[in-house]
Amino acid sequence: MSFFILTSTACIFIAVFGYNYFYSRSQILADVEKNSEIITVATVSKIEIVLNGVEKVPSYLARSLESSKPSLTELQKRIIDLLQTNSEIFGSAVAYEPYAFDGKSRYSAPYICRGQYGVLVPSFLGNDEYQYFFLDWYQMPKELGKPVWSEPYFDEGAGNIMMSTYSVPFYNYKNGKLIFTGIVTADISLEWLMETIKKISSHQSSYSFLISRNGIFVSHPNKDYIMRESIFSIAEANHDNDLREIGRNMIRGGKGFVTLKNHFAGQKSWMYYAPLPSLGWSIGVVFPEDRLFAGIGKLGAIIMAIGGAGFFALLVVIIAISGTVTKPLRVLADKAGEIARGNLEVEIPTVRSHDEVAALSNSFHNMKVALKEYISNLAETTAAKERIESELKIAHTIQMSFLPKRFPPFPEKEEFEIFAILEPAKEVGGDLYDFFLIDEEHVFFSIGDVSGKGVPAALFMAVTKTLMKGIASQAVFPSMALSNVNQELCKDNDSSMFVTVFCGILNFKTGELLFANAGHNLPVLISAGGEIRWLESPPGFLLGIMEDTQYETSRMILTPGDTLFLYTDGVTEAMNSQQAFFSDPTLIETIARCPDQRTPEAIIDCVLKAVKAFTGEEPQSDDITMLALYYRGKGSRKK
Amino acid sequence: MNDYLCLGLKVVKMGSIKIGVNIVIVSFLCFLPAIAAAGELRTMTFLPQWLPQAQFAGYYVAYEKGFYSKHGIDLKILKGGPDFPAAEMLGKNRTNFTTMFLSEAIQQRDKKIRLVNIGQLMQRSGFILVAKKGKGISKPLDLQNKKISMWPNFQVQPRAFFRKYGIEVKPVSQGATVNLFLREGVDAASAMWYNEYHTIINAGINEDELTTFFFDRHGLNFPEDGIYVLKESYGRDRELCCKFVKASIAGWKYAFANPDEATDIVMKYIKYAHAGGNRVHQRWMLARMKDLMQPLDPNVPIGNLNPKDYDTVAGELQKNGLIRTILPFGEFYAPCLE
């Protein structure tokens, strides 16, 4: 964002600066052109006045010679008069056509010029080596039929000063025809002209130059150019065709304001040029561009400096402002990162402002507090749960330790075999089984199922089992044991829990079996002959509900080879994924298919496998307890 | 310099002719190259037919580069110009070698100056007529009845040209400048391609605004600068004469190969002679000299006089009554290069 703002500002600044620069530049150029024009025009007029004055003098003499034929002395006198009255003229000649003066001489050209100390020196021009008829000063006015200023020339005799000659033709009538007779000349020094041109400099570091009709430099700051180079030779040397075109326009009497390439003035420059009409020459005033635009260059530098400083200040301010806006956000982002890494102890900085950042900061703070509280609660809960789980594990161990677990429990008793398992659905369960010898002939066995599950059921199971063991060891009949246990359980049973129990006492010497049922599932009897049936018994009421419940004891004689199979409803009510029960008939079928129906451990293992196969992946919903007793009878122990 | 009586254009020109007898020896201006054994060198003088300019670049370069001393000549280059007519100076034995136009030399020989050509350096005529297209002149017949300026001493070629095309012109004597032409005082002017033509260009007239008539393209090739000695000198010391030619040709070849250096050398001589001319002009002149000195047949070495050209020039001169008899080619030309 800082970059965007700065770029936009820079663009605006550059646009304003550029417009200012180019507008100033064009204004300066317009001013320079106007000033140059004014000064040049003034200079040209001044020069023209002088030149026109000079032009009149030989013209007057020429006209006088058309109407008179003076003698040589008279002619010389007229020339002397001319020079004496016109100090700006250095020399003057009257040159006649061959034999035109006196009919005898081929060369008739009296010439008088100023010698040293201003003394007028007379002489005569023309001889076979110096045939003036073929020289420009004579020939050009003659051929053109009009007065002509010569190209400039250096006069060595006059101390190498630059001169130009104005030549005026004159004519005479002969037989009614106008015949060219000769030329009157006036030589002038160009020193004053060069001085005047030099003074044209409307602007510092500008300079002016003068070129002749042929483009030759008559005056120029570079002395090597004078009379040696022409504007066209400079153009040719530098392959500058634009300069050549400028030069052509100059010598044709044009005027203009143009640019010049570097080579002309050592750097890019501008030139105003205007003609000197009398001479047909041209004045150029040259302005080096860097000086011309030095003012705006300086102004530009100052503006750039101010702009640069402003730009820097703006940068600082933008960084500061954007810093105050984004710093809390950055801090919040950092803190959120730390929170994400799990450090809830970080301090969320308080933002004093009342903007969105402050709201966000508050939200972060609240979130942090809530998270911290939640995590703290979670930690406590987890700790409690772990403790409970640990306690439950201990409880499980304790519960299991209640049950007889050593198999075979009575290895010295060959008349029967007994085996049992209890697999609680949770850490602790409400099922129970027990067996113990009452005396040397009787063994007591029981199986039970407490209502509910978990710790209450386990506790109730523990109570039941303890009571059962204490009472059954005294009892003669199972019904008595159940009645007594029921009475004990009913006392202070505020939780209204109950338990189903099947128990029996087997005289393993005789095979007499006494048994009673308190609401428990009917056991299965696998007779020695292979018959499998339910062991019918009078239905008794559950233990722990009604204190005065009476139970009945049933009696039967086991035949050696009979097996009794006891179980809890965790077996028959085991559910599969379709919510179907394992069921009583399936139990009977399962036992019938068990390969070994004589060994208690094998039967239990067989049924347990069938139940597990039936439930599959379904979690165990109830405790599974099974107890099997095989009656072998006296002295028929399997080896 | 006391000859100058007073100021002004004309007296300067007048006075200068009086210096004629006092030959200005340029080489005194410390131009002498180092010479190992001066005793072995023969001192000779050379007079270019005009003021210092690139028309004579090869001689100045050969001198500056020590080619003459290498050939056993201790050469002094004399200042040429209008005041020192080459033929006269040679005839009076005031110089050993000089250069001249072929047509001039043939005429001078006819006037009993016993000169011989020992090397014809320029093969083609640089002499042209130039006119402004704006005057409606684009072919020879357009010159009919036009005012044409001609140099008094160089009228044979243009007159032969006019005769060839049956043109009547209004002749005007041409002076030292082309200003009359530039001011449109005449319709066409004489010009040397290597000199005045470029002066016109350098006075702001573009080449495409000009029509040029090259005489050699109209069957009137008058080869120009050649090297001349007196017949007696040649007979007496042929070997030395030929060494001069060889050294000069070497100078020219060097100048063409190194035009900038050659132009610098020419400019130095121009400055010493206080002659006019800028560098660009001299550079142009040198390039044109190269064009004009190159024989049409590239296998022919530079410096030979073609008998056909001799016949053309001598024939035209005789037709104009400028010579009485045509000297046999072998009498006029003493080749050094064979």
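Which residues on the other side of H4(A) are exposed? The structure is a predicted model, in which local features need pLDDT of at least 70, side-chain atom pairs count only at pLDDT 80 or more, and totals for chains, interfaces and linings use all residues. Residues are numbered from 1 along each chain as its sequence is written, while chains are lettered from A and ligands numbered from 1 in the order in which they are written.

**View 1. Helix H4 of chain A, residues 191-198.** Helices (H or I, at least four residues) and strands (E, at least two) are DSSP runs, numbered from the N terminus. Leu193(A), Met194(A) and Ile197(A) are buried in this helix. These residues lie on the same side of H4(A), because they cover an arc of only 95° around the axis; the arc is that of the directions from the helix axis to the C-beta atoms. On the other side of H4(A), the exposed residues are Glu191(A), Trp192(A) and Glu195(A). A residue is buried if 20 or more other C-beta atoms, placed from the backbone, lie within 10 Å of its own, exposed if 12 or fewer, and partly exposed in between.

**View 2. Strand E4 of chain B, residues 115-119.** Five of the five residues of E4(B) are buried, and the strand is mostly covered. Four bridges join E4(B) to strand E10(B), residues 226-230, in an antiparallel pairing; two strands pair if DSSP finds at least two bridges between them. Val116(B) stands opposite Val229(B) in E10(B).

**View 3. Ser190(B) in strand E8 of chain B, residues 188-192.** Ser190(B) counts as buried because it has 21 C-beta neighbours inside 10 Å. The C-alpha atoms of Ser190(B) and Pro158(B) are separated by 8.4 Å, the two residues being 32 residues apart along the chain.
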